[in-house]
Amino acid sequence: MSIETDRLLERVQSDPQFHELVRRRSRLAWLLTALMIVIYFGFVLTIAYNKEFLAQSLSGGVTTVGIPVGLGVILSAFVLTGIYVARANTAFDDLTKQIIERLKK
Amino acid sequence: MMRCDTLPRASLALAAVALSSVSAHADAISVSGKSDLNIEAIAMFLLFVIATLGITKWAAGRTKSASDFYAAGGGITGFQNGLAIAGDYMSAASFLGISALVFANGYDGLIYSVGWLVGWPIVLFLIAERLRNLGKYTFADVAAFRFQATPIRILSAVGTLVVVAFYLIAQMVGAGKLIETLFGLDYLYAVILVGLLMIVYVAFGGMVATTWVQIIKACLLLGGATFMALMVLAKFNFSPEAMFQRATEIHPNGSSIMEPGALVKDPISTISLGLALMFGTAGLPHILMRFFTVSDAKAARKSVFYATGFIGYFYILTFIIGFGAITLLLQDPAYFKPGAVPGPNGSFSPADMIGSGNMSAVHLSNALGGSLFLGFISAVAFATILAVVAGLTLAGATAVSHDLYASVIARGRANEYHEVRLSKMAAVAIGLLAIFLGYVFEKQNVAFMVGLAFAIAASCNFPVLAMSIFWKGTTTRGALIGGFLGLLSATLMVIVSPQVWETTLGYPKGSALFPYDNPALFSMTIAFAGIWLFSITDRSRTADGERAAFDAQYVRSETGIGASGAAAH
C-alpha cells in the first residue's frame with residue numbers, strides 16, 4: 001500500500017462523519033441479520049412446537065397456512081437483501097464517496 | 001445404505017428422520033439402476049460440452065495474469081456474478097433431491113429448501129463487501145490481513161481443502177450414479193468424464209471459463225425448471241389449489257403432504273442444522289472466492305441480491321415440480337418398477353419409482369415434453385454437476401497455489417507465472433484425486449459429507465473470517481487455535497454422530513457418543529470461544545501490533561480505500 005493510501009486511511013479513521021456513516025450502515029446490517037435469524041428460526045421452531053398452526057386450512061381448501069408462510073420465508077430473504085442493497089448502494093455509498101473526496105484534498 | 005426412496009415407505013409417524021439426515025440424503029444424490037443409452041440426452045450433453053470447451057478456449061486466450069486466472073480479472077458484473085453464484089450453489093442434488101423430497105413427503109421439501117436459502121442474506125449483510133474490500137483472490141487474504149501470514153494461511157488452506165474434499169466426494173459419487181442412470185454410461189467412465197472435464201475447464205480457462213460454465217448452467221437450469229413448473233401449473237389452469245387438491249387425492253399420504261411431517265425433530269437438532277446452513281454458506285471457499293471476480297463492493301452486494309433471487313425462485317420451482325410429479329406420475333405404471341403394485345386408489349408408492357424418487361423430476365420432464373425434453377433435462381443435470389465441481393476445484397487449486405505456495409512456502413517471493421502454473425497443476429491433481437475418491441467411495445454412504453462440509457465451513461472458516469473482520473481483539477494465536485478447535489470438534493462430532501457412527505460405520509443403534517447429526521451449535525461455540533479466549537490471553541508483542549492494525553483494516557473494509565482492483569475504476 002502506498003503512503004498516500006496510508007495517510008488517507010488515517011484521516012478517514014479520525015473523521016467523525018465516517019464513524020457516523022459506518023454506525024448507520026452497520027446498524028442496518030445487524031438489524032436485517034437479526035430479522036433473518038428471527039424469521040428462519042421462528043419458522044422452524046413453529047414447525048417443532050406448533051405444527052397444527054401451519055397444518056390448518058388457509059381458506060377452507062386443501063392449501064394450508066404453511067404454504068404462504070414457507071413461501072414468505074423465501075420471499076423475505078430476497079426482500080431483506082433488496083432493502084440492504086438499495087440503501088447501501090445509494091445513500092451510504094454516496095456518503096462514503098463524499099467523505100473520501102473531502103479528505104483527499 | 002439408506003436412501004431418499006426409503007422415506008415414503010415408512011409412515012410419517014415412524015419416519016422420525018432428523019432434518020440433517022434428510023438434508024444429507026438430498027444433497028448427496030442417490031439414484032439406482034443403469035438405463036439404456038439415451039440418444040437425445042447424449043446429443044444435448046455433447047452440445048453443452050462443445051460449447052463450454054469453446055468458451056474454455058476463448059477464456060484461456062484471455063487468461064494472462066494471476067488476477068485473470070483467480071478472479072476473471074475482476075471484470076464480472078454484479079448480475080453475471082449473481083447468476084454464477086447461483087450456478088455454483090444449485091447442485092444437481094438440490095434440483096433432483098428437493099423435488100424428490102416434495103414428491104415423497106410434500107411440504108417437508110419446502111421446509112428443507114428454505115434452510116439452504118437463508119444463509120445468503122447473512123453473506124450479504126456481514127461478509128460480501130468487506131471480503132471484496134480486503135481480499136484479492138481467497139478468503140485467506142482477508143483472514144490473514146493483519147495477522148502472521150504463515151499460520152493463518154495454513155489454517156485457511158486446510159479449512160478450504162477439507163470443505164472442498166468432502167463436498168467434491170459427495171458430488172462425484174452422486175454424479176457417477178446419476179449419469180449411469182441418465183445416460184447408461186458405466187459409473188467409472190462417468191466419474192472419469194466429470195473429472196477430466198472439470199480439469200480442462202479449470203486448468204485451461206481458470207475463473208473466466210468457470211464463471212461462464214456456471215452462468216450457462218444457471219440459465220439452462222432456471223429455464224428448464226421454469227418451463228416444467230409452467231407446464232405443470234397449466235394443467236391445473238394455473239390454480240395451485242387445484243394442483244394441491246389433486247395431489248392430496250392421489251398421494252398415499254393424503255392431505256398430510258400439505259403439512260409439516262417428520263422433517264423437524266427436536267429443537268436442538270433443528271437449531272444446530274439451521275446454524276450450519278446459515279453460517280456455513282458464509283464460509284464456503286468456492287462461494288467466497290466469487291466475490292473477487294467483481295470490480296467493487298457495490299457489485300459484490302448486487303451479486304448476492306441477484307443470487308438470492310435466483311436461488312429462492314429455483315426452490316419455489318422445485319416445489320411445484322415435486323407436486324407436478326405427484327399429480328402427473330403417481331398413477332402412471334410407466335414410471336414405476338415392473339413388480340410395483342398400486343394402492344386401492346391406483347397410486348403407486350413414490351418409493352417404487354424407477355431409479356428411486358430422485359428421478360421424479362427427470363421422469364416428469366418426459367411426461368411433460370417427451371423424450372426430447374427428457375434429453376434436455378438430463379443434459380442440464382449433467383451441466384449442473386460440472387459447474388459445481390469446477391467451482392470447487394478452482395477454490396481448492398487456489399488454496400494450494402495462492403495460500404500455501406505463494407504465501408507460506410515462497411513467502412511472497414513467488415512470481416505470478418509460477419504461482420498460476422502451480423495452480424493449474426493443483427487443479428489437475430485435485431481432479432485426478434476426485435476421480436480416484438469417486439471410484440473408492442462408489443459403494444459407500446457419502447450422504448453425510450455435504451452436511452459435514454457445511455458444519456466445518458460454519459465452525460472454522462466463518463468464525464476466523466468474522467472475528468478477524470469484526471473484533472479488534474483477535475490475534476494470530478486466537479484465530480489459529482480457535483479455528484483448528486472448530487475444525488476438529490466439528491469433524492469429531494460428525495464421526496461419532498448417529499448418522500455416521502451407526503448408519504455409515506454400522507455400529508449398534510444407540511452407541512453413538514454424540515446424540516445429534518449436526519454439530520454446528522456446539523462446534524461454532526467452541527470456535528468462537530476459542531478465538532476469544534486465546535486472543536485475550538495473548539500478551540505477546542506481535543499481538544499488540546495486530547490489535548493496533550485493526551483500525552486501518554476497519555477503514556479499508558468499510559470504505560474500500562486501497563482495495564485490490566479499485567484503482568482501475
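Where is N237(B) found? N237(B) lies in the loop between α10 (187–235) and α11 (240–250) of chain B.

## Model and confidence

The structure is a predicted model. For the complex, the predictor gives an ipTM of 0.95 and a pTM of 0.91. Chain B has a mean pLDDT of 89, and 93% of its residues reach 70 or more.

One stretch of chain B stands apart from these values. Over residues 1–26 of chain B, pLDDT stays under 50, although the model has 76 contacts beyond four places in sequence for these residues. Where pLDDT is low, the predicted coordinates should not be read in detail.

## Where the chains meet

Chain A gives 42 residues to the contact between the chains, and chain B gives 45 residues. On the side of chain A that touches chain B, the elements giving two or more residues are α1 (3–13), α2 (16–49), α3 (51–55) and α4 (66–104) of chain A. The largest share, 17 residues, comes from α4(A).

By residue class, this side of chain A divides into 28 nonpolar, 12 polar and two charged residues.

## Nonpolar cores

The largest nonpolar core has 228 residues, and V194(B) and L386(B) have the most contacts inside it. Leaving aside neighbours within four places in sequence, V194(B) is in contact with M172(B), A175(B), I385(B), L386(B) and V389(B).

A second, separate core has nine residues. Among them are L8(A) and V12(A) from chain A, together with A552(B) and V555(B) from chain B.

## Two helix pairs in chain B

The axes of helix α2 (residues 39–62) of chain B and α10(B) come within 8 Å and cross at roughly 105 degrees. Angles of 65 to 115 degrees count as roughly perpendicular, and α2(B) and α10(B) are therefore roughly perpendicular to each other. The residues of α2(B) in this contact include V49(B), L53(B), A60(B) and R62(B), while those of α10(B) include L197(B), F204(B), W212(B) and I216(B). The residues of the contact divide into 14 nonpolar, four polar and one charged.

Helix α12 (residues 267–280) of chain B packs with helix α20 (residues 520–536) of chain B at an angle of about 60 degrees, and their axes are 7 Å apart. These two helices, α12(B) and α20(B), are therefore oblique to each other. From α12(B), the residues I268(B), I271(B), S272(B), L275(B), A276(B) and F279(B) meet A520(B), L521(B) and M524(B) of α20(B). This contact of α12(B) with α20(B) is made up of eight nonpolar residues, one polar and no charged.

Most residues other than glycine have a negative phi. In N237(B), a residue other than glycine, phi is positive, near 50 degrees. N237(B) is exposed, because 8 other C-beta atoms lie within 10 Å, and a residue counts as exposed with 12 or fewer.

A72(B) is not a glycine either, and has a positive phi of about 50 degrees. A72(B) is in the loop between α3 (66–71) and α4 (78–89) of chain B. Is A72(B) buried or exposed? A72(B) is buried, because 27 other C-beta atoms lie within 10 Å, and the cut-off for a buried residue is 20 or more.

Terms used: Residues are numbered from 1 along each chain as its sequence is written. Chains are lettered from A and ligands numbered from 1 in the order in which they are written. This is a predicted model: local features need pLDDT of at least 70, side-chain atom pairs count only at pLDDT 80 or more; totals for chains, interfaces and linings use all residues. Two residues are in contact if their C-beta atoms, placed from the backbone, lie within 7 Å. Helices (H or I, at least four residues) and strands (E, at least two) are DSSP runs, numbered from the N terminus. Ala, Val, Leu, Ile, Met, Phe, Trp, Tyr, Cys and Pro count as nonpolar, Asp, Glu, Lys and Arg as charged, and the others, Gly among them, as polar. A nonpolar core is a set of buried Ala, Val, Leu, Ile, Met, Phe, Trp, Tyr and Cys residues joined through C-beta atoms within 7 Å. pLDDT is the predictor's confidence in each residue, from 0 to 100. Axes are lines fitted to C-alpha atoms, for helices over the stretch in contact, and angles run from 0 to 180 degrees between N-to-C directions. Angles under 35 degrees count as roughly parallel, over 145 as roughly antiparallel, 65 to 115 as roughly perpendicular and the rest as oblique.
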